Amino acid sequence: MREDTAQEQGLDLEPPVQMEEEMEVMEERVVEIEHPLPCLSESDTQGIIKGRDLFGYVGIEAVLDQMRRKTMKAGFEFNIMVVGQSGLGKSTLVNTLFKSKVSRKSCTPNYEEKISKTVHLQSVSHIIEEKGVKMKLTVIDTPGFGDQINNENCWEPIVKYVNEQYEKYLKEELNVNRKRRIPDTRVHCCVYFLPATGHWLRPIDVEFMRRLGKIVSIVPVIAKADTLTLEERLEFKQRIRQDLQANGIRVYPQKEYDEDAEDRILNDKIRENIPFAVVGTDKEHQVNGNKVLGRKTKWGIIEVENVAHCEFALLRDLLIRSHLQDLKDVTHDIHYETYRVKRLNESNANGLALSPLTLENGTLEKSDAESHL
């Protein structure tokens, strides 16, 4: 009787089995919504697919081997500048860093130590190979810096040299037919040598680092730190850090360049030791049956690579083993980029072509034939 009434009213009663099948399909749909596949949707423009979600091995990790092989074949450049007064051991420290004769003094036959009347920049390049990795190392020396009675504006040739390398790289980039690989002569790091006076920073130190810190990465070091006692060294380093902060001097590594928490932790430890108290030598001595680099005195041997004796190992780790690539990246992404934007803005204001390079004192850039650098 009920079935007849339902048919008269136009209702279509379904059997219970069909209703159960539809309920199962709805449950399956709910399950699919609760566990979506890691694919991109119209509303989501970025998805993360991890190894466990892949159907099999793709080989993405092999790109690291490809990059390694390509870099080992081509090699890379690293340009380091050493600045400081004569007699602070700049050449010796550079030789100690790379454990070879790479300084200007070591490579110049019949070299005679003479105090230059003006600041002249001289560079020496070497190809260093270690375990298949080739590096073109260029050491830029600054003889004559701080050696005169009147050292006014003695930093200008150095500022000019750094900007000239940026200008040279920029012009190569702007060429219509660019080289496949632009030669990189930009200064990646400037090691500034402070005399171990035990007092505060000198005005020339403040002026140099304040000006150069804006265009190049500066790493200050206390030269010949074995002339100070441990207490004097600690007090001197604290005074230097206070001077750096008071004068707004930026030294490498800067806090604003830390990319993540891991970099911040590592760089905080480095910043605690700046400036590095270093000792350099290229002579080996026997200590407990082992050959070590050190300086022999009446009281014993100062081991250069022993952290308990000096902080040379910390400086070497920063410049070569942990932050060499970061120094190159900061030079390209920060210092060179700042220079490039400034120069292009100047050229847009003056016309399409790049205007002549202007120094801080307003003088125009000399041609390569007239330049004494």
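Modeller: A charge sits over a ring if NZ of Lys or CZ of Arg is within 6 Å of the ring centre and within 35 degrees of the ring normal. In this predicted model, R239 lies over the face of W200, at 5.7 Å from the ring centre.

Biologist: Which residue lies over the face of Y169?

Modeller: That is R186, placed 3.8 Å from the ring centre of Y169.

Biologist: How many aromatic pairs does a search of the whole structure find?

Modeller: The search returns 6 aromatic pairs. One of the pairs is formed by Y166 and Y336, with ring centres 6.1 Å apart.

Biologist: Why does the pair of Y166 and Y336 count as tilted?

Modeller: The ring planes stand at 55 degrees, so the pair is tilted; planes under 30 degrees apart would count as stacked and those over 60 as edge-to-face.

Biologist: Where in the chain do these two residues lie?

Modeller: Y166 belongs to helix α6 (residues 156-174) and Y336 to helix α11 (residues 324-350). The pair thus links distant parts of the chain, 170 residues apart.

Biologist: And what about the rings of Y166 and Y339?

Modeller: Their centres are 5.6 Å apart and the planes meet at 40 degrees, so this pair is tilted. Because Y166 is in helix α6 and Y339 in helix α11, the pair ties together parts 173 residues apart in sequence.

Biologist: Are Y166 and Y339 buried or exposed?

Modeller: Y166 is buried, with a relative accessible area of 1%. Y339 also counts as buried, at 7% relative accessibility. Y336 is buried as well.

Biologist: Which residues do ring pairs link into a cluster?

Modeller: The cluster consists of Y166, Y169, Y336 and Y339.

Biologist: Turning to the helices, how do the axes of α6 and α11 cross?

Modeller: The axes come within 10 Å and cross at roughly 75 degrees. The two helices are therefore roughly perpendicular to each other.

Biologist: Which residues make the contact?

Modeller: On α6, the contact residues include N163, Y166, E167 and Y169; on α11, H335, Y336, Y339 and R340 are among them. The residues of this contact divide into 7 nonpolar, 4 polar and 4 charged.

Biologist: A change of topic: where is L327, and is this residue buried or exposed?

Modeller: L327 is in helix α11. At 0% relative accessibility, L327 counts as buried.

Biologist: What is L327 in contact with, leaving aside its neighbours within four places in sequence?

Modeller: L327 touches F78, H188, C189, S217, Y252 and L319. Y252 is 75 residues from L327 in sequence, and their C-alpha atoms are 8.6 Å apart in space.

Conventions: Residues numbered from 1 in each chain as written. Predicted model: local features only at pLDDT ≥ 70, side-chain atom pairs only at ≥ 80, totals over all residues. Heavy atoms only, no water. Phe/Tyr/Trp six-rings, centres within 6.5 Å; stacked < 30°, edge-to-face > 60°. Helix = DSSP H or I, 4+ residues; strand = E, 2+ residues; numbered from the N terminus. Buried < 20%, exposed > 50% of the residue type's maximum accessible area, 1.4 Å probe, protein only. Axes fitted to C-alpha atoms, helices over the stretch in contact; angles between N-to-C directions. Parallel < 35°, antiparallel > 145°, perpendicular 65-115°, else oblique. Contact = heavy atoms within 4.5 Å. Nonpolar A, V, L, I, M, F, W, Y, C, P; charged D, E, K, R; others polar.
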